[in-house]
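Welcome, and thanks for taking a look at this model. Please have the sequence and the 3D view side by side as you read.

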Amino acid sequence: MENLNALKARTAEVVNLNRAASVLSWDQQTYMPPGGAEARAEQMATLRKYSHQVMTADETGRLLEAAEQEVAGLDEHNDEVGLVRIIRRDYDRATKLPSEHVVEFSKTTTIAHETWVKARAEDNFALFLPTLEKIYDLCRQRAEYLGYQDQLYDALLDQYEAGATTAEVEALFSNLREELVPFVAAILERADQVSGEPLHRAFPADKQAQFGLMAAQKMGYDMRRGRQDLTVHPFCITFSRDDVRITTRYDENFLSDGLFSTLHEAGHAIYEQGIPARYDGTPLGRGVSLGVHESQSRLWENIVGRSRGFWRRFYGELQQTFAGVLDDVSVEDFYRAINRVSASYIRVDADEVTYPLHIMLRFELEQDIFNGKLAVKDAPEAWNAKMEAYLGIRPRNNAEGVLQDVHWSSGIMGYFPTYAMGTMLSAQLYNAALADHSGIPAEIEQGEFSTLLQWMNTHVHAYGRKYMPADVVVKATGQPLQHHAYMNYLRAKFGEIYGL
Ligand code: ZN
């Protein structure tokens with residue numbers, strides 16, 4: 001295994017360079033003074049350049065071929081076989097993109113970010129339009145470089161959800177849409193049944209941090225191997241499995257934002273901390289895909305964190321933490337408030353029921369643009385029409401509509417579907433865990449999460465990137481990703497809350 005060992009040493013350098021860039025990125029989004037931006041961009045670009053050079057070097061290709069020979073006779077479930085397989089994937093992808101394309105993509109999206117911020121602030125889509133058209137062209141080029149079998153969009157999707165196809169996502173979404181749209185409509189007719197008022201009171205940030213971190217640790221986020229800091233847009237970032245950090249923000253007049261984003265990011269972190277130590281520092285040592293990652297964040301944030309059982313156990317502590325503020329609110333009214341459904345414009349504020357519709361809208365628009373059915377210039381109107389069709393509301397401006405998300409300015413078309421896939425998967429995984437351990441809900445009501453956590457450790461986290469995402473889903477749940485578990489979960493939970 002001489003060549004394999006040399007290959008491991010090379011890819012460890014790539015991982016180290018990327019993780020060093022992550023430390024710089026974390027610092028940029030938390031503590032760096034604004035003046036540091038220019039130098040930081042140069043430093044990160046330098047690290048990324050070297051990491052790309054090591055990964056795509058002829059020597060890497062030679063070692064990879066030789067290592068493939070060395071592991072040829074081994075069992076397909078062997079770790080070394082899995083490692084070589086994933087390096088082959090990463091290597092092919094990295095070498096398919098010409099460096100001129102990578103540079104142009106990076107420059108265009110860096111400038112696009114500034115343009116998007118300005119266009120959104122001024123509600124001026126025309127200002128962003130030329131840049132956005134260019135980004136769509138670059139994404140088309142990228143897809144051609146990467147290659148695809150059926151649809152161009154497959155190549156883009158594959159960057160975030162390896163092996164997933166557009167046709168699969170279309171089928172999944174169309175099944176969900178058929179049941180979800182009438183369900184949402186029925187709930188919205190009874191919108192006044194639930195009040196969100198208790199969440200809009202005075203909640204000091206330090207107390208929010210104290211409670212949120214307590215809950216995250218109870219769920220399984222290990223603070224000896226993690227920490228939390230403040231940022232504008234919450235995220236989770238990994239420097240090693242023993243240093244996985246989360247960030248959040250607090251709105252002192254709205255409890256949900258900080259509390260549930262903490263649980264969400266902790267869910268991502270629990271996944272990364274749960275990857276086996278022997279994979280750390282190798283290309284196997286992280287979450288397998290964005291969709292599977294999102295299943296873990298959604299599990300702890302929503303299925304556990306917004307459950308009645310969880311709050312039966314923790315509501316008393318929450319009331320004590322914010323002395324006096326919630327004295328007149330029963331646990332039942334609090335449970336209803338955190339699960340209030342509303343037709344809203346902004347995806348990141350959407351509830352569990354309407355959320356997938358926000359994703360479908362973006363997926364359909366991206367599809368139509370790549371298929372030539374929709375011109376980029378007509379995207380605002382198409383957006384608003386779909387919003388009206390799905391949720392019965394029409395954005396009053398483009399900041400509430402087509403300009404709300406950062407993704408298009410970053411050139412990450414093909415990314416959105418993974419949010420809804422992960423959301424659906426969270427319910428499918430939870431059902432599979434329940435089938436093995438029916439006592440999980442009773443444990444949650446006792447503030448005990450270890451059975452659920454261990455199940456996820458064994459059936460999801462343990463694989464790292466060793467298998468394709470769809471294989472992990474089948475291994476863990478016995479079937480491919482489907483919409484049923486999520487739809488059943490929504491019907492049971494929200495049907496009861498809204499008396500349907
Ligand atoms: Zn997430």
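What follows is a short tour of the metal site, a set of strands, the domains and some salt bridges. Keep in mind that this is a predicted model.

**The zinc site**

Let us begin with the metal. Which residues hold the zinc ion? Its protein donors are His-264 and His-268, each through NE2, together with Glu-294 through OE, at distances of 2.1 to 2.3 Å. Read along the chain, these donors show the spacing H-x3-H-x25-E. Both histidines belong to helix 10 (residues 255–273), and because they are 4 residues apart there, about one helical turn separates His-264 from His-268. Are these two histidines buried or exposed? Both His-264 and His-268 are buried.

Next, turn to strand 3 (residues 243–248), where 5 of the 6 residues are buried.

Strand 1 (residues 226–230) runs parallel to strand 3, joined to it by 5 bridges. Here Asp-229 has Thr-247 of strand 3 as its bridge partner. Strand 2 (residues 236–240), in contrast, is antiparallel to strand 3, with 4 bridges between them. The link from strand 2 to strand 3 is a hairpin of 2 residues.

**Two domains**

The protein chain splits into domain 1 (2–147) and domain 2 (166–498). Their contact involves 39 residues from domain 1 and 44 residues from domain 2, while their C-alpha centres are 26 Å apart. How much area is buried between domain 1 and domain 2? The value is about 3,600 Å², and carbon and sulfur atoms contribute 63% of it. On the domain 1 side, Arg-19, Trp-26 and Tyr-136 lose the most area to domain 2, together making up 21% of what that side buries. The interface of the two domains also holds 4 salt bridges.

**A buried phenylalanine**

Phe-494 is part of helix 21 (residues 484–497). With a relative accessibility of 1%, Phe-494 counts as buried. Which residues does Phe-494 contact, leaving aside its neighbours within four places in sequence? They are Phe-183, Ile-187, Asn-339, Val-341, Glu-352 and Val-353. Of these, Val-341 is 153 residues away from Phe-494 along the chain, yet the two C-alpha atoms are separated by 8.7 Å.

**Salt bridges**

Salt bridges in the model come to 40. Here are some examples:

| Glu-68 | Arg-88 | 2.8 Å |

Glu-364 is buried, at 13% relative accessible area, whereas Arg-177 is partly exposed, at 24%. In the pair of Glu-68 and Arg-88, both residues are partly exposed: Glu-68 has a relative accessibility of 26%, and Arg-88 has 22%. Arg-306 and Glu-301 are both buried.

Finally, there is a network of salt bridges to look for, which links Asp-222, Arg-224, Arg-225, Arg-241 and Asp-242.

Key: Residues numbered from 1 in each chain as written. Predicted model: local features only at pLDDT ≥ 70, side-chain atom pairs only at ≥ 80, totals over all residues. Heavy atoms only, no water. Donors = N, O, S within 2.8 Å, 3.2 Å for Na, K, Ca; no water. Buried < 20%, exposed > 50% of the residue type's maximum accessible area, 1.4 Å probe, protein only. Pairing = 2+ DSSP bridges. Domains from an automatic or database assignment. Contact = heavy atoms within 4.5 Å. Buried area = accessible area lost by both parts, 1.4 Å probe. Salt bridge = Lys/Arg side-chain N within 4 Å of Asp/Glu carboxyl O.
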